[in-house]
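Here are my notes for someone opening this entry for the first time. Have the viewer ready and go through the points in order.

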Amino acid sequence: MDTRKLTEILSATIDPNQRQQAEEQLSQIHKIIGFAPSLLQVVMLNEVAKPVRQAGVVYLKNMITSGWHEKEPEEGEPIPFSIHEQDRAMIRDMITEAIVQAPELIKVQLCVCLKTIIKHDFPAKWTQIVDKIHIYLQNPEPSNWMGALLCLYQLIKNYEYHVSDKRAPLNEAMNLLLPMMYTLIITLQPDPSMESVLIQKQILKCFYCLVKYTLSLDLITKEVFTKWMEVLRQVMERPVPDHTLEVDEDERIELPWWKCKKWAVHTLYRLFERYGSPVNARVEYVEFADWYLTTFTRGILDVLFRVLDQYRNKVYVSPRVLQQTISYIDQCVSHSYAWKLLKPHMFAIIQDVLFPLMSYSEADEELWFEDPYEYIRSRFDIFEDFVSPVTAAQILLGSCCKKRKEMLEKTMHFCMQVLVNQAYGPRQRDGALHMVGTLSDVLIKKKMYKDEIDKLLSQYVFPEFNSPYGYMRARACWVLHCFASINFKSEALLAEALRLVVNALMTSTDLPIKVEAAIAIQMLLSSQDRVYKMFEPQVQEVTAELLNVIRETENDNIASVLQIIVPIYTTQLMPMAVEITDHLATTFSKVIETDSGTDEKAITAMGLLNTMEIVINVMEDNPEIMSQLEPTILRVIGHILHHNVIEYYEEAMSLLTIVTSKTISENMWKVLELLYTVFEKEGFEYFTDMMPVLYNYVIVDTNAFLSNENHILAMFNMAKTILNSDAEDESEVYAAKLLEVMVLQCSGKIDNCLPSFVELVLNRLTRKVNTVDLRIMLLQVLIAILYCNPQLLLNILMKLQVAVPNASITQHFIKQWIHDTDCFVGCHDRKLSVLGICTLLEMGPQRPSLDEVLPNILPSCLVLFDGLKKAYEAKAEGEEESSSSDDDEEEDGEVLSTDDDDFDQMNNEYLENLSRMTAKKAAAEDITVTTKISYESDDNDDEDYMPDESAIECYATVLDSKDCPDDEYIRFKNTLSALSTSEPALYHALTSVLDEAQKEQLNAVFLLADQRKAQQDSKRIEQSGGYSFTVPAQVPTTFKFGS
């Protein structure tokens, strides 16, 4: 293909006036053999303008991502496009060279192409990539090295999550390439230039990726490992050039010298955490871990101490390097060997590193005044916690004070010195209080300290609420929230604590203080029942202020404060319910309108919706308030559905479920139309989220549901779309459940629709059904129709029989039903099955032939009754269960001696090994282990998939009502009694197959039937008057489903 012509077309794609025509041209020619390699050639041409090359490489990336692998065509669909093998061979031959030579922006896109190619073609079709990387790394020309390493990184990344026995092709390649990586980084280390350090950083990234999840001890022998550890040590010790200090501190973190150190310490931490820790390592690495611990710990700690010493002496250390350094030391606390080396330095680390890190800094001050919103966001950002040196400091402080003797006493003595001694300023007092609050969990459970916490709060925390420094008032709120669960000895002290945080919320002008105060209130309410009455007079005033803070900060943590307050003070907040909901709705709209795709905004929006859900949940028993709240809820739901904000569909459906749970207004019936439109547009992806709402529409006001044939048609069409879609997931089970609910709830009112129901279900049953649960649910739809109108079902099956002349549909249905009896679960499914069998037996001359299943009918019923007995017992036990809280336990025994390892680090990946280590340590140290360590597989086999029983059981029908007159035990006994006189031959055929044990079971069922009959009679006598039933509106008899 002519590269010049292709360049012209690509140039036109970046011209707004020619873009559409150019894109159409590309779509016409992109399938031609030779197009893709020509496109890569254009991308490689230096004389072509960069924007054109970028347009070309993006088009190539999309082509390769979607069309590299040959796909099987769907039935009845054309063969999907894939790049011809001839073109693929040419691209494979060129891509490595292209990456090596390309400028940075194009390199990035080409690496994505390479990732796809390696995934599908290495090693089967393309081992040459290893040779090409090898050649470029051998080449003395430094400009080739970065591209070759980027290719190598993609090769390693392809095997990142592969288990050891599937990494053979990578290990074979790395036998050749790993020594070259080592030689190259050793060669480059004396050169401190930016170009050299960037290449070193890429080598370290490759090495990190290679060992991230699997350490091949055949590839990386102890000798090789030692060499790489020496490389990492040298990188960590190497000084950063002085000229980097001229760069602004915020930008310094991105400099290659610091990034290189970051990858070095990141690798050290990973190696220790996963392979070097005898406690955490998997069985195959235990011997290696023992060797690692004794061989490298001293040397690595020396290096890391020097990093901390730099920080102590106010020499710049990048935050990520500092965080990983502290995290490595935290791992050392758990190991007796490492702790012996760490112990002499630990208190100095606490005093000179952790304490300054945890104190209010210049950077904090700048953010507090210049951007308080960002200050708040950074304090509550869960993602920030993974990279923050302050969070790492908190974790290390907690670990050493909880696990190692004397560390808590020394730390608390130091903190008290800072708090008492006037020589220390407010920033140091902030650090001391930060440390005390961080240790709250340990202090609360230590005899030595827990009785002194009241005094600590009253003497050193409460006075800070009057501090002239805003950050100290915020810190006082935070410390109070840390200690909110203590047993306050004095009611007056608790009342004072509440007064101070409420006052901080209501009177502070600084938003960070308001946020901390709000969370302190939440923690006091969660932990102290005595606070409820104290807080009641101010609850409306505080709630109003919280709404203002939510709107101003858009912080989901404040929304969670309301989630605690509203259920406790429902009565007091009823007058404000509309105001609360409107505030939340307005803030939600503001959040999603300004959302630029950040996780923080999404979390905030979900928090607001969850808070709204709690508000309407507690108000749902008040029809007057619910009618006032409905327009606001509809506004939010309308915004989500009309604008297709799919991230919040689940929350929108939860809101709709509550609003439709008691009554359904005229406006809410209009929402059903909107839901149907959304369903048609988005397909079945959100059907399971919609199911509770659709269920309410059928159940809550059945008369109104039946009054409009479009309601029935919408439900049927949704179920039909799902069941005809081959979704093969739980949505099909819910679709069938929706049909069953309609059949039972609208019994006798939708008979003209039932032929369509039966046809849909039978069509689905004739195709492959992968889950037992779906097959049972489909059968239940037919059983429900049989139960409600047996003759109608048989007539429908007879009419459908014409299309299947060689087999009886009715017989097949009955045989499958009886065969699957043991697969029916829960109370409802088993009850319906028993009632269906009774209906079948009661049909007399109209009954279809039961000859093939006759010997199995009563044994199947006994299986159902046995399951019912257990299900009813479990249900009764569940209703009687009451939660009990465990008493706080003293944790003095948790402190480890210097010679102890800490082996209680729950990490799923190491559970098997931890079990072994725990048993060994427990026996050796006479420790009682109360925690059971077990492994649960994540593997979900579709063949065994069963949705949660309760998830389906919650969609109750008239059959599940306590007032349901049709008791399955009584009906079953009456049916058999009637058969014994009306059809003795059938009765004999049914019962003669039972053995002695089954006859005993049958008698037990009869006895239970008598007891339940007596209960029914007793209940009827107790009730005065009777039931009043209204006749529901009829569905128009002319209504027919369309195709």
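The points below cover salt bridges, surface patches, cysteines and some backbone features.

1. Ground rules. This is a predicted model, in which local features need pLDDT of at least 70 and side-chain atom pairs count only at pLDDT 80 or more, while totals for chains, interfaces and linings use all residues. Residues are numbered from 1 along each chain as its sequence is written, and side-chain values use heavy atoms, with hydrogens and water left out.

2. Salt bridges overall. The whole structure holds 47 salt bridges (a side-chain nitrogen of Lys or Arg within 4 Å of a carboxyl oxygen of Asp or Glu). As background, side chains of opposite charge can pair when their charged atoms come close.

3. Start with Arg971 and Glu842, whose closest N and O atoms are 2.9 Å apart in a salt bridge. Arg971 sits in helix H50 (residues 968-982) and Glu842 in the loop between helix H46 (826-841) and helix H47 (854-880), so this pair ties together parts 129 residues apart in sequence. Helices here are DSSP runs (H or I, at least four residues), numbered from the N terminus. Arg971 is buried at 17% relative accessibility, whereas Glu842 is partly exposed at 40%. For these words, buried means under 20% relative accessible area, exposed over 50%, and partly exposed in between (1.4 Å probe, protein chains only).

4. A pair within one helix. Asp866 and Lys870 form a salt bridge too, at 3.3 Å from N to O. They are four residues apart in helix H47, which puts about one helical turn between them. Asp866 is partly exposed at 35%, and Lys870 is exposed at 53%.

5. The negative patch. Which residues form the negative surface patch? They are Asp248, Glu249, Asp250, Glu251, Glu366, Glu370 and Asp371. Patch members have over 30% relative accessible area and no salt bridge, with like charges joined within 9 Å and nonpolar side chains (Val, Leu, Ile, Met, Phe, Trp, Tyr) within 5 Å. Helix H12 (249-252) and helix H17 (362-370) each give at least two residues, and H12 has the largest share, with three. Asp250 is in H12 and is exposed at 67% relative accessibility.

6. The nonpolar patch. Ile382, Phe383, Phe386, Val387 and Ile603 make a nonpolar surface patch of about 450 Å². Ile382 belongs to helix H19 (residues 382-385).

7. Cysteines. How many disulfides does the whole structure have? A search finds zero (a disulfide being a pair of cysteine sulfur atoms within 2.5 Å). For Cys209, the nearest cysteine sulfur is that of Cys206, 7.6 Å away. Cys209 is buried, at 2% relative accessible area, but Cys954 is partly exposed at 48%.

8. Most residues other than glycine have a negative phi, and most peptide bonds are trans. Phe122 and Pro123 are joined by a cis peptide bond, with omega about 0°; Pro123 is in the loop between helix H6 (104-121) and helix H7 (128-138). Glu554 has a positive phi, near 55°, and lies in the loop between helix H30 (539-553) and helix H31 (556-568). Asn644 has a positive phi near 50° and lies in the loop between helix H35 (623-642) and helix H36 (649-659). Glu554 is buried at 14%, while Asn644 is partly exposed at 30%.

Technical notes: Accessible areas come from the Shrake-Rupley method with a 1.4 Å probe; for residues, only the protein chains shown count as cover. Lys and Arg count as positive and Asp and Glu as negative; His and the chain ends are not counted. The place of a charge is taken as NZ of Lys, CZ of Arg, CG of Asp or CD of Glu.
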